[in-house]
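Here's a quick briefing to read with the structure open beside you. Try to find each spot as it comes up.

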Amino acid sequence: MMTLSNFMLIILQVIFTLGTFLLMFILLLLTIGWLDDHQRKEPYLFKTVHTRKEYHESQQIRVYFLNYWVWQSKKKAAVIQCLKDNDVSEVHFQHARKRNTTIRSNMPFKREGFGSPARQHWIGNK
């Protein structure tokens, strides 16, 4: 007959095993993604720079943004250059947002570079 302490030990062993596999999977994903980005020969090209409207002090501001994964260091540099080419003076980074909203995305390793143009174009009042 199995006692409660033996049952708890089995549960802890299963949790530890699953946690170890999850950690190994995440490390493998990050390593493969980094190697793919590092071995990439052609440069990153962006067809469009995405925009969204954000409200600051009762005014709408146009914000340019591009998404990338955590392990894509070359793409992050390309995002910075692309945003600078679109008159964004200061590029900021944060967790990616959901499409067409300012709500944080559920994707854990997705990031975005964003910024407003140097010559801010006011879209209108709130």
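What follows covers the core, the pocket and the ring pairs of this predicted model.

**The nonpolar core**
- The largest nonpolar core is built from eight residues: Tyr64, Leu66, Tyr68, Val79, Cys82, Leu83, Val88 and Val91.
- Strand S2 (59–69) and helix H2 (73–85) are the elements that each give two or more residues to this core.
- In general, nonpolar side chains in soluble globular proteins tend to be buried together.

**The largest pocket**
- Now look for the largest pocket, with a volume of about 270 Å³.
- Its lining has 15 residues, and Phe65, Asn67, Arg97, Lys98 and Arg99 lie nearest the centre.
- Strands S1 (50–56), S2 and S4 (110–115) each give two or more residues to the lining, and S1 gives the most, with three.
- Sorted by class, that lining has three nonpolar, six polar and six charged residues.

**Aromatic pairs**
- The model has three aromatic pairs.
- In one of them, the rings of Tyr68 and Phe93 have centres 6.1 Å apart and planes at 85°, so the pair is edge-to-face.
- That pair links distant parts of the chain, with Tyr68 in S2 and Phe93 in strand S3 (residues 92–95), 25 residues apart.
- Tyr68 is buried at 5% relative accessible area, whereas Phe93 is partly exposed at 34%.
- The rings of Trp69 and Trp71 have centres 5.4 Å apart and planes at 5°, so this pair is stacked.
- Trp69 is partly exposed at 24%, while Trp71 is buried at 15%.
- Ring pairs also link Trp69, Trp71 and Phe109 into a cluster.

Notes
Residues are numbered from 1 along each chain as its sequence is written. This is a predicted model: local features need pLDDT of at least 70, side-chain atom pairs count only at pLDDT 80 or more; totals for chains, interfaces and linings use all residues. Side-chain values use heavy atoms; hydrogens and water are left out. A nonpolar core is a set of buried Ala, Val, Leu, Ile, Met, Phe, Trp, Tyr and Cys residues joined through side-chain atoms within 4.5 Å. Buried means under 20% relative accessible area, exposed over 50%, partly exposed in between (1.4 Å probe, protein chains only). Helices (H or I, at least four residues) and strands (E, at least two) are DSSP runs, numbered from the N terminus. On a 1 Å grid over the protein atoms alone, a cavity is a set of points where a 1.4 Å probe fits but cannot get out, and a pocket is an open set with protein on both sides within 12 Å along at least five of seven lines; lining residues have an atom within 4 Å of a point. Grid points are joined across faces, edges and corners, and a volume is the space filled by probe spheres set on the points. Ala, Val, Leu, Ile, Met, Phe, Trp, Tyr, Cys and Pro count as nonpolar, Asp, Glu, Lys and Arg as charged, and the others, Gly among them, as polar. Rings of Phe, Tyr and Trp (its six-membered ring) pair if their centres lie within 6.5 Å; planes under 30 degrees apart count as stacked, over 60 as edge-to-face and the rest as tilted.
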